[in-house]
Amino acid sequence: MSEPLKKNLYLEKAVQALYSDSIPPMRDENEVLITGDRLRRSRLYVPGNQPKKILKAGTYSPDCIILDLEDSVPQKEKDNARIIVRNALRMVDFNGAEKMVRINSNDTGMIDLEFIIAQNVHVIVIPKVESSDQIIRFVKKINELLKVCGRREPVFIIPIIESAHGVLNALEIAKSSPNIIGLTIGLEDYTADLGINKTITGEESFFARSMVLHAAKATGIQALDSVHGDFRDEKSLRRSVRESKALGFVGVGCIHPNQIIPIHEEFSPLEIEISQAKEIIKGFDLAITNGTGVFELGGKMIDAPIVKRAKQIIKLAIACGSLSKD
């Protein structure tokens, strides 16, 4: 039997297994837990009713994979999608990516949780969040399910803010649970709520993104930007990611695997940034030894906030694999 034929047969068997009503064994790799503080440069959305795309998602090496049960799944496919996502969380090799599931809002999302909490899902992405009460309600359901299945590890949460009401309550939402590890915004729904068009330049959403960003920073969680819709235009994608990074976002969503590498490259520190950060830290250590907290480097005065930023760059460079821990 030829290798292509073998691969096709394997794929078909895997697809059939994802549709199975019976719960498959858990892969050893999928038992691995994650921490709240990790790289989330790229979040690849994958429709929960498309098993072939789910099986391939890990091969593209995104930081996070979001198995979607919400907008990308038609209402008549919701039941099948829940089974597929439940099984995928156990049996699919995601290549070390963080396993996220975007549930539906309101009562439909409660049903989604019953299928996925026991499957070692890492993060629940909650859409259309407008108040802390919504988060508290979902957290209560999550905790009930954790007790039932005997899972002790936390389930992390990322709310998506998608309306004017949600934007104005961003800080309240970010504070609503200690298990919230990031905050993001859905710009298609947000601009629809305002009755305006979403543009490539994004001036119409700057206020909303800034509110989400500041709410995240104020509560010590990750600020995660929205998706870039045009996956064929790498130039505009890179420009958009650079703007997100400059504002303070640490990751963006993506709707196509081709977006992952450019996103990772743009969020990774440049060699010159790493070199400058090393010089700053070295100079600061010497200044402390000499009894001062401020020193001059390249004609500029360097103080504690600049040193803090330099240390963040080194930490990011290590996490991205651009620099060894040594």
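How many nonpolar, polar and charged residues does the lining of the second largest pocket have? By class, there are 12 nonpolar, seven polar and 10 charged residues in that lining (Ala, Val, Leu, Ile, Met, Phe, Trp, Tyr, Cys and Pro count as nonpolar, Asp, Glu, Lys and Arg as charged, and the others, Gly among them, as polar). The model is predicted, with local features needing pLDDT of at least 70 and side-chain atom pairs pLDDT 80 or more, while totals for chains, interfaces and linings use all residues. Numbering runs from 1 along each chain as its sequence is written, and side-chain values use heavy atoms, with hydrogens and water left out.

The second largest pocket holds about 630 Å³ of space. Of its 29 lining residues, Tyr-45, Asp-68, Arg-102, Val-227 and Ile-255 are the closest to the centre. A pocket here is an open set of points on a 1 Å grid over the protein atoms alone, where a 1.4 Å probe fits, with protein on both sides within 12 Å along at least five of seven lines; lining residues have an atom within 4 Å of a point, and a cavity is a set from which the probe cannot get out. Grid points are joined across faces, edges and corners, and a volume is the space filled by probe spheres set on the points.

Strand 1 gives the most to this lining, with five residues. Strands (E, at least two residues) and helices (H or I, at least four) are DSSP runs numbered from the N terminus. All six residues of strand 1 (residues 42-47) are buried, so the strand is largely enclosed by the rest of the structure; buried means under 20% relative accessible area with a 1.4 Å probe, protein chains only. Ser-42, Leu-44 and Val-46 cover one side, and Arg-43, Tyr-45 and Pro-47 the other.

Val-46 has Leu-67 as its bridge partner in strand 2, and Ser-42 has Val-252 in strand 8.

What about the other spaces? The largest pocket holds about 880 Å³. Among its 24 lining residues, Asp-37, Lys-217, Gln-222, Val-250 and Leu-316 are the closest to its centre. Helix 13 supplies the largest share of that lining, five residues. The structure also holds one cavity of 30 Å³ or more, with about 40 Å³ of space in the largest cavity. Helix 13 gives the most to the lining of that cavity too, with four residues.

How values were computed. Buried means under 20% relative accessible area, exposed over 50%, partly exposed in between (1.4 Å probe, protein chains only). Two strands pair if DSSP finds at least two bridges between them.
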